[in-house]
Amino acid sequence: MQDKLAIDGGEPIRKDLLRMAKVNYGYEELSQILEVFKDEVFCSVDPRASKVKDFENLFAEYIGSKYALAFSSGTTAQHASLLAAGIGEGDEVIVPPLTFVSTAYTVILTGAKPVFVDVDDNSITLDPSKIQNAITNKTKAIVPVHWFGYPADMDNIMKIAKENELVVIEDCAHGFGSKYKGRNVGTIGNMSCWSLQETKTITTAGDGGMLITDDENLALLAESVRDHGKDKGAMSDSNLPYNIIREGNNYRLSEIHAAFGIAQLRKVEGFLEKRKIFRDYLDGEIVKIENVTIPKMNEYIEHGNSNYPIRIKEENMRVNISEISLALNAEGINCIDRIDEYPPDHTLFREHSGPVNTPVAEKIKRELLLLPLHPGLTFDDLRDIIKAVDKVAKIYST
Ligand SMILES: Cc1ncc(COP(=O)(O)O)c(C=O)c1O
């Protein structure tokens, strides 16, 4: 055990930086993309285009939904889902404060107000017992976030939503492989939005997203929003091919990105298997380190291991989580805290949502750290992660 941190001039655990996330790709992705070049069809609106359609069909089949719509990002899918749900000026949408900023600012983009409701200390996701008090006659939807792959308590959230006639849009940016009572997350609410950005379990090479639903009407509305607000399919009240009937945008995914996504989705079981093996190893070792814990998993959930969050007991540390994060990076372990991303701390949300009372999320924000977890790791890498966390936690403990 070395007694000097690398950040203070000591020997680092490793010389190169072990990356947080890494895209795992190979021949299959390249060969899919080559097909696009060969056919010279790059945009999904081209009647000859097939990759986006194929990707959507594969995705719907894999997750178990009737409709899947590919988007240019998880954020654009989120915005379209809210518009499809009819959210707009004067409405309120319940979101947890532990999420990426887009979950909350897409609500603002519709003209509605994000209302932050606290999370549960164990599941680190929306606490259903706190939702009812936040519901007003303006509330239109709840957006549970399966934060870092920990499924939200969907039974209780759906019960509240039903009693209050609210739409539920699951944020599945980290939801790949996560299950709630045996069901894939994303298949329980009215809609769900997925991020396929490059740090996620599967990616469309850079950015990408997916919206899924079993509701034909919502699917048609979201499809229309994705494509400039054009009149679509069964909703059509006109035979004009280019009739703009609602606010929309260009939120489409390109064929090349869909092609990459197809190859990734075909390999996802292998990715998930590796992630699970690595997670089990880390779980077994992390618990041996004093002052470090992992969020508790209820017996009825399965974690897809999109991320590996740990909590460091702030009351037993001499420094804050950002300093711990810097020290781990200096040891060669790329990790991140979420202090800067916490939505309620941002000017925009303070202006729109007002003061927020979410003490549980505040504490988790100050304790949470994401460690590397991806299929490209080796057991040597995992041992380095453990060594570095152990070293930093020991040296910084009071
Ligand atoms: C919880 C959550 N929701 C939504 C998003 C937005 O997804 P994207 O980056 O694909 O726009 C992210 C992105 O990381 C996220 O972490």
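Predicted model: local features only at pLDDT ≥ 70, side-chain atom pairs only at ≥ 80, totals over all residues.
## Overall build

The chain holds 12 helices and 14 strands. It has 398 residues and a radius of gyration of 22 Å, which agrees with the value near 21 Å that a compact globule of that length would have. Taken along the principal axes, the C-alpha atoms fill a box of roughly 75 × 55 × 35 Å.

Of the 398 residues, 49% are buried. Contacts between residues at least 6 apart in sequence were also sorted by separation: 71% of them join residues at least 24 apart.

## Helix α4 and its surroundings

Helix α4 spans residues 101–109, and its buried residues are S102, T103, A104, T106 and V107. These buried residues pack against both helices and strands. The helices are α3 (74–84) and α10 (347–353), and the strands are β2 (92–95), β3 (113–116) and β5 (167–171). After α4 comes G111, which has a positive phi, near 100 degrees.

The axes of α3 and α4 come within 9 Å of each other and cross at roughly 45 degrees. That angle makes α3 oblique to α4, and the crossing is right-handed. On the α3 side the contact involves G74, T75, Q78, H79 and L82, and on the α4 side S102, T103, T106, V107 and L109. Sorted by class, this contact has three nonpolar, seven polar and no charged residues.

## Helices α1 and α7

Helix α1 covers residues 27–39 and helix α7 covers residues 255–266; their axes come within 8 Å and cross at roughly 150 degrees. An angle over 145 degrees counts as roughly antiparallel, so α1 is roughly antiparallel to α7. The crossing of the pair is right-handed.

From α1, the residues in the contact are E28, E29, Q32, I33, E35 and V36; from α7, they are E255, I256, A259, F260, I262, A263, Q264 and R266. By class, the contact of α1 with α7 has seven nonpolar, two polar and five charged residues.

## Helices α9 and α12

The axes of α9 (residues 321–330) and α12 (residues 379–396) come within 10 Å, with a crossing angle of roughly 135 degrees. The two helices are therefore oblique to each other. Where they pass, the crossing is right-handed.

I324, A327 and L328 of α9 make the contact with A388, V389, V392 and Y396 of α12. The class count for α9 with α12 is seven nonpolar, no polar and no charged residues.

## F55 in helix α2

F55 belongs to helix α2, which runs over residues 51–63. This residue is buried, because 29 other C-beta atoms lie within 10 Å and 20 or more are enough for that label.

Leaving aside residues up to four places away in sequence, F55 touches A70, A258, G261 and I262. Of these, I262 is also one of the α7 residues in the contact with α1. F55 and F176 are 121 residues apart in sequence, while their C-alpha atoms are 15 Å apart in space.

E165 is not a glycine, yet its phi is positive, at about 55 degrees. The residue lies in the loop between α5 (154–163) and β5. The strand β5 is also one of the elements against which the buried residues of α4 pack. E165 is exposed, with 8 other C-beta atoms within 10 Å; the limit for an exposed residue is 12 or fewer.

N305 is likewise not a glycine and has a positive phi, of about 60 degrees. Its place is the loop between β11 (301–302) and β12 (308–312). With 27 other C-beta atoms within 10 Å, N305 is buried.

Technical notes:
Residues numbered from 1 in each chain as written. Helix = DSSP H or I, 4+ residues; strand = E, 2+ residues; numbered from the N terminus. Rg over C-alpha atoms; globule rule 2.2 N^0.38 Å. Contact = placed C-beta atoms within 7 Å. Axes fitted to C-alpha atoms, helices over the stretch in contact; angles between N-to-C directions. Parallel < 35°, antiparallel > 145°, perpendicular 65-115°, else oblique. Left-handed = near helix turned anticlockwise from the far one by under 90°. Nonpolar A, V, L, I, M, F, W, Y, C, P; charged D, E, K, R; others polar.
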